[in-house]
Amino acid sequence: MVLINSLGPCLDIDIETGKSLMGSKTGYGWMSGPAIFPVALGAVYEAYKHVDIPILGVGGISSGREAVKMIMAGASAVQICTAAILEGPEVYGRIARQIEQYMEERGLESLTEIQGLAHKSQRQEDLRRWQPAINPELCTACGRCAQACVYQAIKIEKYAVVDEERCAGCGLCITRCKFGAITPKYQD
Ligand SMILES: Cc1cc2nc3c(=O)[nH]c(=O)nc-3n(C[C@H](O)[C@H](O)[C@H](O)COP(=O)(O)O)c2cc1C
Ligand code: SF4
Ligand code: SF4
């Protein structure tokens, strides 16, 4: 099974002329490359729960990092198209070397050791039982996390403070912090 393909139809419009900026006859395009990686990763992760055949992960892989994530989501192998178009066939050797380096640094003999790891590491009950934890030593009180929290669960005092009653566990604050000051804290 191969997951996924490009996504679309999609469109962009020239705001001076109102015409499509895509080059096709219909005016539509199909999206590929890094923008579709999270969709592809989610699809592979979900499929791995339900099928017992090899899954080839494809969509937005441009480094060893994404390839490893695909394997952890359950893929047996990965496919790369857009990155090869943009960078040339050297991309395959580069990504293979990056995967090798990753394995060497962690003492891995085979990628099968990490295949599907995300399913073992992230149990469904964990998803329901975490809160963001702030590291006061790393927090600069910049306020980016509080600004992004639509649940108004973060107040900035000397550093960011999370109101665990208000927090819905959406995880957005973690992605906003440039200082690595927020990490998930799982409850037992
Ligand atoms: C220029 C281009 C042409 C493509 N042509 C095909 C095709 O003929 N058949 C197909 O199944 N997928 C085609 N794809 C989709 C790719 O095989 C791949 O599934 C998709 O681009 C996502 O992977 P990527 O982000 O690594 O490019 C094409 C993609 C691009 C960018
Ligand atoms: S985004 Fe990070 S550094 Fe900024 S206030 Fe929030 S936790 Fe602190
Ligand atoms: S996880 Fe979501 S709801 Fe909770 S504090 Fe962060 S942004 Fe707010």
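Predicted model: local features only at pLDDT ≥ 70, side-chain atom pairs only at ≥ 80, totals over all residues.
How many nonpolar, polar and charged residues does the shell around ligand 1 have?

## The surroundings of ligand 1

The shell around ligand 1 has 7 nonpolar and 7 polar residues, and no charged residues. In total, 14 residues surround this ligand, and Asn5, Ser6, Ser32, Cys81 and Thr82 are the closest.

Among the structural elements, helix α3, which covers residues 82-87, gives the most to the shell around ligand 1. The contribution of helix α3 is 3 residues.

## The position of Pro34

Pro34 is found in the loop that lies between β3 (29-31) and α1 (37-50). Is Pro34 buried, exposed or partly exposed? Pro34 is partly exposed, because 14 other C-beta atoms lie within 10 Å, a count between the limits of 12 or fewer for exposed and 20 or more for buried.

When neighbours within four places in sequence are left aside, Pro34 is in contact with Gly60 and Ser62. Pro34 and Asp52, by comparison, are 18 residues apart in sequence, and their C-alpha atoms are 27 Å apart in space.

## The domains of the chain

The domain assignment divides the chain into domain 1, residues 2-119, and domain 2, residues 124-186. The centres of domain 1 and domain 2, taken over C-alpha atoms, are separated by 29 Å.

Definitions and conventions: Residues numbered from 1 in each chain as written. Chains lettered and ligands numbered in written order. Near = placed C-beta within 6 Å. Helix = DSSP H or I, 4+ residues; strand = E, 2+ residues; numbered from the N terminus. Nonpolar A, V, L, I, M, F, W, Y, C, P; charged D, E, K, R; others polar. Contact = placed C-beta atoms within 7 Å. Domains from an automatic or database assignment.
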